[in-house]
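Subject: Structure handover

Hello,

My notes follow below it.

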Amino acid sequence: MTTPRHSIFQHSTIASLAAGVFDDDLTLQELLGHGSFGLGTFNALDGEMIVLDGVCYQMRSDGSISQPPMSANTPYAMVTNFVPTLRTELKGDLLRKSVNQIISELEPSPNYLYAVRITGEFNWVTTRTVAKQTRPYPPLVEATDGEDVLRFENVKGVLAGFRTPEFQATVSVPGCHVHFIDDERTMGGHVVDYELKSGVAELCIGTDLQLRLPVTKEFMQANLTPEDLMEQLNKAEHSDH
Ligand SMILES: [Zn+2]
């Protein structure tokens, strides 16, 4: 069987966010033209973004969830048109670690990108949500330091995001990066951990990556390769790779 080619669009890099480049001119309108599924954040780091079926939700640190205007801007986002090519049923109170293990075994190779969607019932999900920053912007690791971790119990919803290969660690978030939103679209955020009661995991293999880099002065002058970059990213993103 030939693996079908599938493109994933990414705006800017996680290293750029780490360096405190929190504003760009990419609009949601343009972003959604590249994909109807994905995640990201908003200018000034004003909350977590999740995109499902072409609808973009803004999950703010005050707990509110809204659909932002198409003119809103993003400094970091990753989207694709989700075509589920791999699928597995998940049952039996599985922690994130176990789910990741099952998904890894489903992947034909660790060397591609995967869009991942997990729909189901969760015993609990813990998330955090970035808070709007003001200029001069701090590095990401300072902006996310001391964030509240919220815990949602017995909730139905969807995890949406991407698993990316190690070689892409400073472009995308290292390992698996997913955001959560419940079925009622009233709670969610950047996923820290969870226990799935039962559900379905679907994967969409990404063979092509379109990377859009900012053309701002901030981006041009940012140091995207500080010595402790991986430490910063693991701390800021709660990476589990
Ligand atoms: Zn996130």
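Leaving aside neighbours within four places in sequence, valine 116 is in contact with Ile103, Gly161, Phe162, Arg163, Val178, Ala201 and Leu203; contact means that the C-beta atoms, placed from the backbone, lie within 7 Å.

Two points on reading the model. Residues are numbered from 1 along each chain as its sequence is written. The model is predicted: local features need pLDDT of at least 70, side-chain atom pairs count only at pLDDT 80 or more, and totals for chains, interfaces and linings use all residues.

Val116 also belongs to the largest nonpolar core, which has 60 residues. Such a core is a set of buried Ala, Val, Leu, Ile, Met, Phe, Trp, Tyr and Cys residues joined through C-beta atoms within 7 Å. Ile14, Ala18, Tyr114, Ala115 and Val116 touch the most other members. Buried means 20 or more other C-beta atoms within 10 Å of the residue's own, exposed 12 or fewer, and partly exposed in between, with C-beta atoms placed from the backbone.

Next, helix α3 (residues 96–106), where Arg96, Val99 and Ile103 are buried. They lie on the same side of α3 because they cover an arc of only 60° around the axis, taken from the directions from the helix axis to the C-beta atoms. These buried residues pack against β9 (86–95), β10 (113–128) and β13 (188–206). The face turned away from them carries the exposed residues Lys97, Gln101, Ser104 and Glu105. Helices (H or I, at least four residues) and strands (E, at least two) are DSSP runs, numbered from the N terminus.

Last, isoleucine 181 sits in strand β12 (residues 175–182) and counts as buried because it has 23 C-beta neighbours inside 10 Å.

Regards

Notes:
Contact = placed C-beta atoms within 7 Å.
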